[in-house]
Amino acid sequence: MRHQRIIPWIGSLTLLGPLWATPVWAVTRSPGPTLYRVRATWQDVGATPHFAGLDIRLQKLFVSNLSQGTLTVLNAQSGVKEATIRLGGTLHTVVVDQQNQRVYVTDIQRGLLDVVNPATNRIIARISVGGHPHGLAVSQRLHEAAVSNISLNAVEIINLNTNRVMKTIPVGPNPWGVSINPVTDTIYVANTGINPYAASPAPTVNPAGNSVTIINGRTLTVEKTVVVGPHPWNVLADPVTDTTYVGVSGAHAVAVLADQRVIQDIGVGQSPHGLALDLAHHQLWVNNSASNTVTLINTQTNTVSQTLPVGVDPQGVTVNPVTQTAYVVNQGSDSVSVVAPVVKEK
């Protein structure tokens, strides 16, 4: 039976103040429209766009350009390019810390976590993590970050006050996605088992890459490893329901975890990759990179509500919980698909 966690101190936007000062998981809204459409396709997003992060306060979308070593900064309302931030390296995951006004980007090639000021578009720190950092999650409450490291088979915990690695935690083979539940301080790591940076000419594939490692965020110790299916790319924790979603690429499904076990598998498109949660409207966005589609899942029922065609090879996705607008990053077509609710005429 699905586990529903009740958080009595959750309030509305009016009670909690402006959204950028409020944890996204503390925003409650009534369910929004169930039908969405691609409203626009933005082309001026840089080459090989991979992941994106949204600054809600500034209405800026930061898009990592994987092979270019740049962040493309777009106006999140118009899609107009505002800046190109040259970081160098091979950039992957982008996370915007709304509360502390920071943009964090993993640099796979140089083993760095880059820190950018979203207001000035300037680099303010470079944190050395070594290996090949990939996935990233930020805990605003603890002011810590968890970075998955493909070549170290580990997750590195970074103190964002000192910008230093405070602990390295061994997990499964070649971890990619990582997520933090801010209510329980639990860290989830997707052990993909695929290493494109191995010494061999082709990426190595480890059949043991089929699990999620669960880490106690208070003690920084591994609690359990749960088998979810072949090659999970990404993982995302829902702090409201204490449920975790895992994109299992080899099974073309999203595995649902509760009470440290798989309670359901939801069929989606081929090779689910990027995940995003709109907690205010109970929607999980799933990029199907080999199907060129995005799937919406109703997290109240854990059923697919809609699947939409987007660009080629969609990788990252991020969503604005105020407008219900999602930004799907299409690496194969160098574009961003803007997906918004269908507005019904009165």
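Student: In the hairpin of strand 26 and strand 27, which residue takes a positive phi?

Tutor: In this predicted model, Asn 302 takes a positive phi near 55 degrees. The hairpin has 4 residues between strand 26 and strand 27.

Student: What makes strand 26 and strand 27 a pair?

Tutor: Two strands pair if there are at least two bridges between them. Strand 26 (residues 293-298) and strand 27 (residues 303-309) are joined by 6 bridges, so they meet the cut-off of at least two. The two strands run antiparallel.

Student: Which residue in strand 27 is the bridge partner of Thr 295?

Tutor: The bridge partner of Thr 295 is Thr 307.

Student: Where is Thr 318, and why is Thr 318 called buried?

Tutor: Thr 318 lies in strand 28 (residues 314-320). Its relative accessibility is 14%. Buried means under 20%, so Thr 318 counts as buried.

Student: Which residues does Thr 318 touch, not counting residues up to four places away in sequence?

Tutor: Thr 318 touches Ala 52, Leu 54, Leu 61, Ala 276, Thr 325, Ala 326 and Tyr 327. To count as a contact, heavy atoms must be within 4.5 Å.

Student: What share of the residues in the protein chain is buried?

Tutor: Of the 346 residues in the protein chain, 60% are buried. The chain has 1 helix and 30 strands.

Student: How much of the accessible surface of the protein chain belongs to carbon and sulfur atoms?

Tutor: The accessible surface comes to about 13400 Å², and 51% of that belongs to carbon and sulfur atoms.

Key:
Residues are numbered from 1 along each chain as its sequence is written. This is a predicted model: local features need pLDDT of at least 70, side-chain atom pairs count only at pLDDT 80 or more; totals for chains, interfaces and linings use all residues. Side-chain values use heavy atoms; hydrogens and water are left out. Buried means under 20% relative accessible area, exposed over 50%, partly exposed in between (1.4 Å probe, protein chains only). Accessible areas come from the Shrake-Rupley method with a 1.4 Å probe; for residues, only the protein chains shown count as cover.
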